[in-house]
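Open the model in your viewer and keep the selection tool at hand. This tour goes stop by stop, telling you what to select and what to look for.

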Amino acid sequence: MKGAPSSRLDKLLANLGYGSRREIAGLARAGLIRLDGQPLRDAAARIAVTPDLPARMEIDGEPVDPPPGLALLLHKPLGVTCSHKEAGPLVYALLPERWRRRDPAISTVGRLDKETSGLLLLTDDGALLHRIISPKAAVPKRYRVALDRPMRGDEVGIVASGGLLLEGEDKPLLPALLEVEDETHAAVTVTEGRYHMVRRMFAAMGNHVVGLHRDRIGALDLPADLKPGAFRPMGETEIAAVFAAG
Ligand code: URA
């Protein structure tokens, strides 16, 4: 079996955003870094970087942040953006300030528009990110949609047909699932990730989306107890659920 990766203590903590290597050496000398209850005074010591580190290491009396390999599920509230390209507060501002200095950086897995709420995954694991967004994986994403006008009645067939063309594109969408809840509410499950895709799907069918919320990725539901703006680390089972058929 491959052993756990190891890192110099100062490099590990600098990459987790705790300060410069020099500052970390200062914390170590002051006895503020403890592993399994014992002070680690040598910032050059090599540490096995295991997922249980937060249970074993303390920095100034607080559990160390989760090491790289972090995946989070977050309930994105309305009004925050996933990209610098959109105006407004970034979703990263919902994370602890120190986490914004992590290397590797935490990124969103795909994006939700500023006016879309719901389940958003974030990770610092590039391989995991690409596995989730890869068209080959075809991970289904379910959106709850509120519409401005009653549906006409032909939308389920159009969405299922694999022939729906979005404005300005020449490649039709893949077949998707539309489940009608009432005449202005539906759930739509898509396996692609095109720009403003769900809003543009309904625009292409003569309607207008007035509310959009993602509640499921793969077989992973937005946890009912996760309030808008809240997040938590994902466990192995939740990561596996993303890839399980929805
Ligand atoms: N489709 C949209 O239109 N917006 C999103 O945020 C996600 C899917």
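**Stop 1: a buried lysine**

Select lysine 76. It is buried (under 20% relative accessible area, with exposed over 50% and partly exposed in between, using a 1.4 Å probe and protein chains only), yet lysine 76 has no salt bridge. A salt bridge here is a side-chain nitrogen of Lys or Arg within 4 Å of a carboxyl oxygen of Asp or Glu. The nearest side chain of opposite charge is glutamate 115, 6.8 Å away. Lys and Arg count as positive, Asp and Glu as negative; His and the chain ends are not counted.

A word on the ground rules. This is a predicted model, in which local features need pLDDT of at least 70 and side-chain atom pairs count only at pLDDT 80 or more, while totals for chains, interfaces and linings use all residues. Residues are numbered from 1 along each chain as its sequence is written, and side-chain values use heavy atoms, with hydrogens and water left out.

Stay on lysine 76, which sits in strand 7. Helices (H or I, at least four residues) and strands (E, at least two) are DSSP runs, numbered from the N terminus. What lies 2.9 Å from a polar atom of the lysine 76 side chain? The backbone oxygen of valine 80 does. The backbone oxygen of aspartate 113 lies 3.0 Å from a polar atom of that side chain. Both are polar contacts (N or O atoms within 3.5 Å; within protein, one must be able to donate a hydrogen and the other to accept it, and residues adjacent in sequence count only if both atoms are side-chain atoms).

Now show the surroundings. Not counting residues up to four places away in sequence, lysine 76 touches residues including Cys82, Val91, Leu112 and Leu120. Contact means heavy atoms within 4.5 Å.

**Stop 2: serine 83**

Move to serine 83, in the loop between strand 7 and strand 8 (107-108). Its relative accessibility is 9%, so serine 83 counts as buried. A polar atom of its side chain lies 2.8 Å from the backbone nitrogen of lysine 85.

In that loop, find proline 104 too. A cis peptide bond joins aspartate 103 and proline 104, with omega about 5°.

**Stop 3: domains and cores**

Colour by domain. Domain 1 is 6-63, domain 2 is 71-135 + 219-244, and domain 3 is 141-217. These bounds come from an automatic or database domain assignment. The C-alpha centres of domain 1 and domain 3 lie 49 Å apart.

Next, select Leu95, Tyr143, Val145, Val188, Met201 and Phe202. Of the 34 residues in the largest nonpolar core, these touch the most other members. A nonpolar core is a set of buried Ala, Val, Leu, Ile, Met, Phe, Trp, Tyr and Cys residues joined through side-chain atoms within 4.5 Å. Which element gives the most to this core? Helix 6 does, with four residues. Domain 2 and domain 3 both give residues, so this core lies between them.

A second, separate core has 19 residues, among them Leu13, Leu16, Leu35 and Ala43.

**Stop 4: helix 6**

Select helix 6 (197-204). Met197, Val198, Arg200, Met201 and Phe202 are buried there. The buried residues of this helix pack against strand 10, helix 5 (155-161), strand 11 (177-182), strand 12 and strand 13.

Now look at the two ends. Histidine 196 is in the loop between strand 12 and helix 6. Its phi is positive, about 50°, although histidine 196 is not a glycine. After the helix comes glycine 206, whose phi is positive, near 75°.

**Stop 5: salt bridges**

The salt bridge count comes to 17. Start with arginine 199 and aspartate 113, whose closest N and O atoms are 2.5 Å apart. Arginine 199 is in helix 6 and aspartate 113 in the loop between strand 8 and strand 9, 86 residues apart. At 13% relative accessibility, aspartate 113 counts as buried.

Then pick arginine 56 and aspartate 36, a salt bridge with closest N and O atoms 2.8 Å apart. Arginine 56 is partly exposed at 29%, and aspartate 36 is partly exposed at 47%.

Glutamate 238 pairs with arginine 232, the closest N and O atoms being 2.9 Å apart. Finish with Arg142, Arg144, Glu181 and Asp215, which salt bridges with shared partners join into one network.
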